[in-house]
Amino acid sequence: MQVKVNLDKNTSYNVYINELEELNFDTKVVILTNELIANLHLNTLLEKIQAKELFIIKIKDGEEYKNLKTIEYILDQMFAYKLDRKSMLISFGGGVVSDMGGFVASIYQRGIDFINIPTTLLACVDASVGGKTGVNNKFGKNLIGSFYQPKAVYCESEFLKTLPSRELAAGMAEFIKMAVIFDEKIFSFLENLDENKFLNANLDDEIFAKIIQKSIELKANIVSQDEKESGVRMLLNYGHTFAHVIENLTQYKIYLHGEAVAIGINMANTLAVRLGLLDEVRCKRILNLLKKFKLPTSYKISNTNEFYEAFFLDKKTHHQKINFILPCGLGKACIKNDISKEDIMQTLKAFV
């Protein structure tokens, strides 16, 4: 199964779902992964790769290591291996590995090719596709990075079968996000999905493949229209304006990214209801769907002023105006940058 991400002739690429058989390279290849994924799946991947020379770089697992210190470590290893501009980097892991691998590839000797092979549902449905790369710093999430497209993406459902239920749920949060803003039929499909089979990784490969395919088709369509996030692609940030603040304030140690997004979705919905964009019935359906997959939906804000000021460090803020992505029903969303401080603060106070 394949999904095409249509950009220009030099940057378009395919996302392959359950089609990873053998990869042959006539150059040096470096695989970027972490210890956890290496122990679980690296031998399986190595059996499928032939290269002139093959190197492995392992980094620590966790969002708190997604920073410039880790980037420098990766770069040092790549220079030590004497990789050149024809070399290939393979990101083999979740969203953190995908984001850092793409960023390193974009800056190593001004750019080398890279491939994403995601091993989490979140990376399959979101992080591995679209060319967003980067790292966090003390001011916020993904504030240092670049747009740099992979040469290909390979999503294999077998890698998802070892995921704990928490990781699977975190990936589902991103899929729920896309269903809410783009496709009510998919939202209904998720309402009827057996959450116990899903959370225990007991779904048939076909269902896993369908979830990945649908999400990638939605995202590929948006990225094809707006590669650099200057318009419609901003809709994919639904829930993220709040989520990034939560992740930064908790130093990326409490919530998985998808969990923070789930809370952010609930906060965004609360604001949308306040503004009359979303009715209570649909708001409740979204909340119930998040809870169905055991996702967190609440967060205790200790300082609303601090939380509010953190919005202005977000990439989606322009000219001191905060861009909020809000649902306008199911299957529709809008970008609002004219919301009063009072409405925002009242929304934040609902989570005190």
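Domain 1 and domain 2 bury about 3,100 Å² between them. Carbon and sulfur atoms make up 65% of that area. Buried area here is the accessible area (1.4 Å probe) that two parts lose on being put together, summed over both. In domain 1, Leu121, Val125 and Lys141 lose the most area to domain 2, together 20% of what that side buries.

This is a predicted model: local features need pLDDT of at least 70, side-chain atom pairs count only at pLDDT 80 or more, and totals for chains, interfaces and linings use all residues. Residues are numbered from 1 along each chain as its sequence is written, and side-chain values use heavy atoms, with hydrogens and water left out.

Where do the domains lie in the chain? Domain 1 covers 2–162 and domain 2 covers 166–350; the bounds come from an automatic or database domain assignment. Their centres, taken over C-alpha atoms, are 25 Å apart. Contact (heavy atoms within 4.5 Å) links 35 residues of domain 1 with 39 residues of domain 2.

Now the charged pairs. There are 3 salt bridges between the domains, each a side-chain nitrogen of Lys or Arg within 4 Å of a carboxyl oxygen of Asp or Glu. Lys141 forms a salt bridge with Glu247; the closest N and O atoms are 3.3 Å apart.

Which elements build the domain 1 side? Those giving two or more residues include strand S1 (2–5), strand S10 (140–147) and helix H4 (121–127). Helices (H or I, at least four residues) and strands (E, at least two) are DSSP runs, numbered from the N terminus. H4 gives the most, with 6 residues.
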